[in-house]
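Subject: Structure for you to look at

Hello,

Here is the structure I said I would pass on.

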Amino acid sequence: MSTPVSEQPTPDTTDAPDIPALRQEIDQLDAEIIRLVRRRAEVSGIVGKVRMANGGTKIVHNREIDILARYRELGPEGKDIALILLRMGRGPLGR
Ligand SMILES: O=C(O)C(=O)C[C@]1(C(=O)O)C=C[C@@H](O)C=C1
């Protein structure tokens, strides 16, 4: 004799990750990250131009150290992210 439907366990689909929905969230996050990275580079470029037009240096060492420290929160990759962000704003070092 088979188990009546009312006594069968409900299939456990509620805990299963919804991959299409999660991918949609990733797509939205990437779009936001790209917008923020672009804006950061733009703002950084403006700050650099104003500073250099006023006789300042291309690099502000202490400020870069603070930014590197900030991104260390993300673990070892954080430093790489910070270095890339800085390079996108002020350009490569040594030029
Ligand atoms: O804060 C500045 O003075 C900037 O020029 C911005 C910025 C940055 O991208 O965060 C870029 C270059 C400097 O060396 C330090 C920081």
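This is a predicted model: local features need pLDDT of at least 70, side-chain atom pairs count only at pLDDT 80 or more; totals for chains, interfaces and linings use all residues.

Overall layout

The chain has three helices and zero strands. Read from the N terminus, the order of elements is α-α-α. Of the 95 residues in the chain, buried ones make up 1%.

Helix 1

Helix 1 covers residues 19-53. Its 35 residues stretch 50 Å from the first C-alpha to the last, close to the 51 Å expected at 1.5 Å a residue. How many of the residues of helix 1 are buried? The count is zero, and helix 1 is hardly covered. Just after helix 1 comes G55, which has a positive phi of about 85°.

An α-helix has 3.6 residues a turn, so residues three or four places apart point the same way.

Helix 3 covers residues 76-90. With 15 residues at 1.5 Å each step, helix 3 should span 21 Å, and this agrees with the 22 Å between its end C-alpha atoms. Just after helix 3, G91 has a positive phi of about 85°.

Two helix pairs can be described. The crossing of helix 2 and helix 3 is right-handed.

The other pair is helix 1 with helix 3. Their axes come within 7 Å and cross at roughly 55°. Helix 1 and helix 3 are therefore oblique to each other. Helix 1 passes helix 3 in a right-handed crossing.

The ligand

Which residues surround the ligand? They are S44, V47, G48, R51, I59, V60, R63, E64, I67, L86, G89 and R90. Sorted by class, this shell has five nonpolar, three polar and four charged residues. Helix 1, helix 2 (61-71) and helix 3 each supply at least two residues of the shell. The largest share, four residues, comes from helix 1.

Two single residues

N62 lies in helix 2. Is N62 buried or exposed? N62 counts as exposed, because it has 8 C-beta neighbours inside 10 Å, and a residue with 12 or fewer is exposed. Along the chain, N62 and V43 are 19 residues apart, and their C-alpha atoms are separated by 18 Å.

A16 lies in the segment before helix 1. A16 is exposed, because 8 other C-beta atoms lie within 10 Å. A16 and S44 are 28 residues apart in sequence, and from C-alpha to C-alpha they are 43 Å apart in space. S44 is also one of the residues around the ligand.

To check these notes against the model, you could start with helix 1, which supplies four residues of the shell around the ligand, and then go on to its crossing with helix 3, which is right-handed.

Best wishes

Conventions
Residues are numbered from 1 along each chain as its sequence is written. A residue is near a molecule or strand if its C-beta atom, placed from the backbone, lies within 6 Å of it. Ala, Val, Leu, Ile, Met, Phe, Trp, Tyr, Cys and Pro count as nonpolar, Asp, Glu, Lys and Arg as charged, and the others, Gly among them, as polar. The expected span of a helix is 1.5 Å times one less than its number of residues. A residue is buried if 20 or more other C-beta atoms lie within 10 Å of its own, exposed if 12 or fewer, and partly exposed in between; C-beta atoms are placed from the backbone. A crossing is left-handed if the near helix is turned anticlockwise from the far one by less than a right angle, and right-handed if clockwise. Axes are lines fitted to C-alpha atoms, for helices over the stretch in contact, and angles run from 0 to 180 degrees between N-to-C directions. Angles under 35 degrees count as roughly parallel, over 145 as roughly antiparallel, 65 to 115 as roughly perpendicular and the rest as oblique.
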